[in-house]
Amino acid sequence: RLSARQGAEALLAQATDVAGVKVIAAATEAPSIEGLREVAGWLKDKLGSGVVALGAVLEGKPQLVVMVSDDLVARGIRAGDVVKVAAMGGGGGGRPQMAQAGGREPGRLPAALQAAVDAVRQKAG
């Protein structure tokens, strides 16, 4: 079993360029929403400038955390806006740098992650 750090480093290697913005959008395993936020924060710090959208199924419900670096918030890419687009039929919201959403259907998590990437593409373009 991967340690949390090894798992996070594997996710870091998955960063892609979306309209000139480094983005990590992935489903992962997390013990809790706090753990999911912790990994997302670590990834955001390692990226320097970028957007992290991490999803996990916790207690049978999909959860999504989005973090955006300060420089991109200044360019108009806000975590709260990204999470609203990707909300999975549940509620979502937060601050410009960090937002989260929850849903009821775990099967909607992959589409939510893709919606987050699409939202970044639209805001960055």
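User: Which residue in E3 stands opposite Ala-27?

Analyst: The model here is a predicted one. The strands E2 and E3 pair in the parallel sense, over five bridges. Within E3, the residue that stands opposite Ala-27 is Gly-55.

User: Which strands stand at the edges of the sheet?

Analyst: The sheet is open and has six strands with mixed pairing, in the order E1-E2-E3-E4-E6-E5. From one strand to the next, the twist averages 25°. A strand at the edge has a single partner strand, so one side of it is left without a neighbour in the sheet, and this holds for E1 and E5.

User: What angle does the direction of H5 make with that of E2?

Analyst: Helix H5 covers residues 109-124 and reaches 23 Å from its first C-alpha to its last, which is close to the 22 Å expected. Its buried residues, among them Leu-109, Leu-113 and Val-117, pack against E1, E2, E3 and E4, and also against helix H4. H5 packs on the sheet, and its direction makes with that of E2 an angle of about 170°.

User: Which helix lies across E2, E3, E4 and E6?

Analyst: The helix in question spans residues 33-47, and it runs at about 160° to E3. The strand E6 that it lies across covers residues 98-102. The helix is H2.

User: Is Ser-69 buried or exposed?

Analyst: Ser-69 lies in the loop between E4 and helix H3, where it touches Lys-44, Gly-48, Ser-49 and Gly-50, if residues up to four places away in sequence are not counted. The relative accessible area of Ser-69 is 4%, and the cut-off for a buried residue is under 20%. Ser-69 is therefore buried.

User: Which side chain makes a polar contact with the side chain of Ser-69?

Analyst: A polar atom of the Ser-69 side chain lies 2.9 Å from the backbone nitrogen of Gly-50, but that atom of Gly-50 belongs to the backbone. The contact with another side chain has a distance of 2.6 Å, and the partner is Asp-71.

User: How many Å apart in space are Asp-81 and Gln-6, C-alpha to C-alpha?

Analyst: Asp-81 has its place in helix H4, and at 28% relative accessibility this residue counts as partly exposed. In sequence, Asp-81 and Gln-6 are 75 residues apart. In space, the distance from C-alpha to C-alpha is 30 Å.

How values were computed:
Residues are numbered from 1 along each chain as its sequence is written. This is a predicted model: local features need pLDDT of at least 70, side-chain atom pairs count only at pLDDT 80 or more; totals for chains, interfaces and linings use all residues. Side-chain values use heavy atoms; hydrogens and water are left out. Helices (H or I, at least four residues) and strands (E, at least two) are DSSP runs, numbered from the N terminus. The expected span of a helix is 1.5 Å times one less than its number of residues. Buried means under 20% relative accessible area, exposed over 50%, partly exposed in between (1.4 Å probe, protein chains only). Contact means heavy atoms within 4.5 Å. Two strands pair if DSSP finds at least two bridges between them. Axes are lines fitted to C-alpha atoms, for helices over the stretch in contact, and angles run from 0 to 180 degrees between N-to-C directions. A polar contact is a pair of N or O atoms within 3.5 Å; within protein, one must be able to donate a hydrogen and the other to accept it, and residues adjacent in sequence count only if both atoms are side-chain atoms.
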